[in-house]
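Please read the following report alongside the sequence and the coordinates.

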Amino acid sequence: MSAKHSKNFILLFLTALIWGVAFVAQSVAMDYIGPYTFNAVRSLLGGIVLVPCVFFFGQKKKDVKDKDPAKEIAGDRPGDMITGGILCGIMLFLSTTLQQVGIQYTTVAKAGFITALYIILVPILGIFLKKRVSFQIWISVVIALIGLYLLCMKGRFFLGQGDFLVLLCSLCFALHILVIDHFTEKVSGVKLSCIQFFVCGLLSSVLMFLFEEPAVSEILAAWFPIVYAGVFSSGIAYTLQIIGQKGTDPTIASLILSLESVVSVLAGWILLGQALAPREILGCLLMFGAIILAQVSPDPKKK
């Protein structure tokens, strides 16, 4: 694995780590505020946190360009920046809204499994975009799906109303990954992430005022989970995702990101003392095995 791919793997794994722990924050926040209010506040907070970063990295790139005017700097294409930010923001809005609403009508474990189905949806959708996926990656995807099932599902599997909404959420997450894959080579990752959060936050705010009655006191009561979800899960993690996806196959990126399900279970075991059943341990091992298999390239040209 090259140094660049190693860096991308670490960034995507950190994203999955933060997202996995964020399930606790999402669950706690619902005791105080509605799903639309939660998504609106966390997204706007994530965008605000990134504003100083945009100016910092923008100034840094300006200094580099001043020293070497001939050097092309990523992020100098405002058309792609705005288009990519809006599309990412819409996909993020649809994904998070469908997940937050759907999770109210199903179990958290089931929602986690169905959401992670984007690992199979990404390569399927990629076929229509002429993105070839090797047989080895398909094997990794199948192993990961088996691991996810053992990790998240117990008893008979069936789809209810909430499950269908979460399935649509998974489709939107897959499209979100593919949109990022398309724009990440053309624009600045931090700026793209910042724009997507403000778009997502504004769209969520519309639903918040239409269907909920947000109160400042309730938002303040849920300040800790909101800060974690806004600063870490949104501002930091989604930005790491965009930067980590640069130059990474979207299917492999989706496999690494799906480790959030493993992290959420392990976090419950370590932080909350929740016992792990043998099938859950096997599911974790299969998930890690699938990620390792996906990282090993049989093509000598890629080594």
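What percentage of the 303 residues of the chain count as buried? Of these 303 residues, 49% count as buried, where buried means under 20% relative accessible area, exposed means over 50%, and partly exposed lies in between, with a 1.4 Å probe and protein chains only.

This is a predicted model, in which local features need pLDDT of at least 70 and side-chain atom pairs count only at pLDDT 80 or more, while totals for chains, interfaces and linings use all residues. Residues are numbered from 1 along each chain as its sequence is written, and side-chain values use heavy atoms, with hydrogens and water left out.

**Overall architecture**

The chain holds 13 helices and zero strands, and along the sequence it therefore reads α-α-α-α-α-α-α-α-α-α-α-α-α; these elements are DSSP runs numbered from the N terminus, helices being H or I with at least four residues and strands E with at least two. Among contacts in the chain with a separation of 6 or more, 91% are between residues 24 or more positions apart, a contact being defined by heavy atoms within 4.5 Å.

**The packing of H3 and H8**

Two packed helices are described by the angle between their axes and the distance between the axes. Helix H3 (residues 78-102) packs with helix H8 (residues 189-211) at an angle of about 45 degrees, and their axes are 7 Å apart; axes are lines fitted to C-alpha atoms, for helices over the stretch in contact, and angles run from 0 to 180 degrees between N-to-C directions. H3 is therefore oblique to H8, since angles under 35 degrees count as roughly parallel, over 145 as roughly antiparallel, 65 to 115 as roughly perpendicular and the rest as oblique. On the H3 side the contact includes Met81, Gly84, Gly85 and Phe93, and on the H8 side it includes Lys191, Leu192, Phe197 and Leu207. By class, this contact has 13 nonpolar, seven polar and one charged residues, with Ala, Val, Leu, Ile, Met, Phe, Trp, Tyr, Cys and Pro counted as nonpolar, Asp, Glu, Lys and Arg as charged, and the others, Gly among them, as polar.

| Residue | Helix | Relative accessible area |
|---|---|---|
| Met91 | H3 | 15% |
| Ser233 | H10 (residues 223-245) | 3% |
| Thr251 | H11 (residues 250-257) | 2% |

Leaving aside neighbours within four places in sequence, Met91 is in contact with Cys172, Leu175, His176 and Val179. The C-alpha atoms of Met91 and Val179 are separated by 8.7 Å, although the two residues are 88 residues apart along the chain.

Ser233 touches Ile18, Trp19, Ala22, Arg42, Tyr228 and Tyr238, not counting residues up to four places away in sequence. Ser233 and Leu17 are 216 residues apart in sequence, yet 9.4 Å apart in space, C-alpha to C-alpha.

With residues up to four places away in sequence again not counted, Thr251 touches Val122, Pro123, Val133, Ile137 and Val141.

**Cysteines**

Taking a disulfide as a pair of cysteine sulfur atoms within 2.5 Å, the count comes to zero disulfides. Cys53 is partly exposed, with a relative accessible area of 28%, whereas Cys194 counts as buried at 7% relative accessibility.
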